[in-house]
Amino acid sequence: MRRSEDDLFDPEIAETLEAIEATLAGEPVDPRFADVAELSLLLKADRPRAGAEFARSLDERAAARFAAREPGSPRGMRAWLRSWSFGAFGAAGAAALAGLIAVVVVVSGGSGGGGRPAALTVRAPATPAAAGRNELLREATPSSSTTSAGTPHLNSLQAAANGRKVIQSATLDLGAPPARVDDVAQEVYNVIGSVNGVVDHSSVTSTGGSDGSAEFALRVPSASLTQTMSALSRLRYANVLSRTDNTQDVNSRFVDAGRQLADAQALRATLLKQLAAATSQQSTDALKAQLAAAEARIVAAEATLRNLNRQVNFSSITVTIQAGAAGGVGPSSGGFTLHRAAHDALRVLTVALGVVLIALAVLVPVGLLTALAFWTAAAIRRRRREQALDLA
Amino acid sequence: MTPTLTRPPARPADEGWERLEALYRASRDDVFAYVATLLRDRAAAEDVTALAFERAFRRRRTFDRRRGVERAWLFGIARNAALDELRRRRRLATLLAEPGDAADGPRVGEDPAEITLRRTTVRAALDQLPARERELVALKFHGGLSNAELAIVLGVSESNVGTLLYRTMEKLRRACNATV
């Protein structure tokens, strides 16, 4: 039989190998290779043979297909522990992954927004008592500001504590279940009372239907504004639809009014001195007229200052309640719809995909490192085996 | 003696098991002979032989159908088990002549003493070989592997196996002739 590797062999090598194969097969061999043939036969004859007892016992084990060892034996125990550990590890990993997905979905919230309004609106208070304040607010437009209520935390913004005179106001729109308008209104009263605030105007229409509503014009100490807005945004039966925070810096107007008051008071003092020294009726009448004008300016300046101080020290809040408006904070808020279910399902799938991607980002490098470690260990084992053969 | 297996009754047919058992029947003595020559320790050879077949049965799913590769796969397992034993022992135990080794008697017309002398000479020359060459002889003449199977077990080309075998035989022949 001619092998394809023969072309690479020295003819003598090839013939010698053929003689060895022929000898082992029991075929006649060229006398030139008698030595090799004899050597091959002697090597084959010197082959160690298994004892009968060993052969019998090994046959029995093979007949039993080398069944698993007895429980408690080292190898059997190790194999059992290995299989159990792999199974437990896999189950624990799957459970951890499912738990992680559930936690992410719950913490980040489902559909409905939970009462977090997406849009910012600036609304003028609807009560007559606040009309005057509206005028002041509209005139000082450059220093007013609005803030979005679409943030996870519901605290109102605070003006910087720099000693300047700032007027703060806020508007809060709440949604409530139709049957809870009265309850929400009472909650508003309770909050205002707890901060020593004032209800300038209130109007509550409770019909039990979706046309129920309520409206409040409130004033609270400016130092309690943040606390009040936080409390009003967390009412038990209501959810925030929108919130507007306004600030207006009136420090320059305060300073001007104060200067006008000081000037008018100084002028009055001067005029009083002049009046005391007047000698003629004509000069006395003229001085009295000027004195009256100065008094009027003093009254006006004092009124301006009092008004500014009142607005600075007491912030106005306008609260409206709409029955049946969308929201998800209260216990009776919202209902199960197919749209919401589909939205939630999509969210779960999105989160699950994100978790899988993150897990892959961790597991792929770990897997590569593990594979490299196994390959290295296998290479080391092979090398040590070959070294053992060299040392044998 | 061809090993016989008494299979437990009522075991469902399994083609893979049957092939593995056929391989066992055909290779049991060959594996033992190879391992015994390599380790030169009969007791260790029995343990390693049993371990090799146990591992083969456990790894039966890596069993290859092609006849030429089946034995190479089995001898690869046996080789690794034997080398692991060498690593653990790191010693040599002389394989003394035992009654069971004298299976082939002298030929007709030959002096039994001469046969014994020849075998002793060959055995001494074999013991003088480096372990790798001794392993090659064990795989070829005691394990009964073909050159192609040798190449698979040793991880070299078939032409390389032929060259190594030729050189080893030449070395043995010179050693035997020098002794005589």
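The legends below describe close-up views of a predicted model. Local features need pLDDT of at least 70 and side-chain atom pairs count only at pLDDT 80 or more, while totals for chains, interfaces and linings use all residues. Residues are numbered from 1 along each chain as its sequence is written, and side-chain values use heavy atoms, without hydrogens or water.

**View 1. Helix H3 of chain A and its buried face.** H3(A) spans residues 52-63; helices are DSSP runs of H or I with at least four residues, numbered from the N terminus. Its twelve residues reach 16 Å from first to last C-alpha, close to the 16 Å expected at 1.5 Å a residue, that span being 1.5 Å times one less than the number of residues. Buried here (under 20% relative accessible area, 1.4 Å probe, protein chains only) are A:Phe54, A:Ala55, A:Leu58, A:Asp59, A:Ala62 and A:Ala63. These residues fall within an arc of 165° seen down the axis, so they line one face of the helix; the arc is taken from the directions from the helix axis to the C-beta atoms. Their cover includes H1 (15-39) and H2 (42-58) of chain B. Just after H3(A), A:Arg65 takes a positive phi of about 60°.

**View 2. Surroundings of A:Leu43 in the largest nonpolar core.** Such a core joins buried Ala, Val, Leu, Ile, Met, Phe, Trp, Tyr and Cys residues through side-chain atoms within 4.5 Å. Of its 63 residues, A:Leu43, B:Val35, B:Met169 and B:Leu172 touch the most other members. H1(B) gives the most to this core, with eleven residues. Contacts of A:Leu43 (heavy atoms within 4.5 Å) include B:Val122, B:Phe141 and B:His142.

Technical notes. Chains lettered and ligands numbered in written order. Helix = DSSP H or I, 4+ residues; strand = E, 2+ residues; numbered from the N terminus. Buried < 20%, exposed > 50% of the residue type's maximum accessible area, 1.4 Å probe, protein only. Lists of a residue's contacts leave out its neighbours within four places in sequence.
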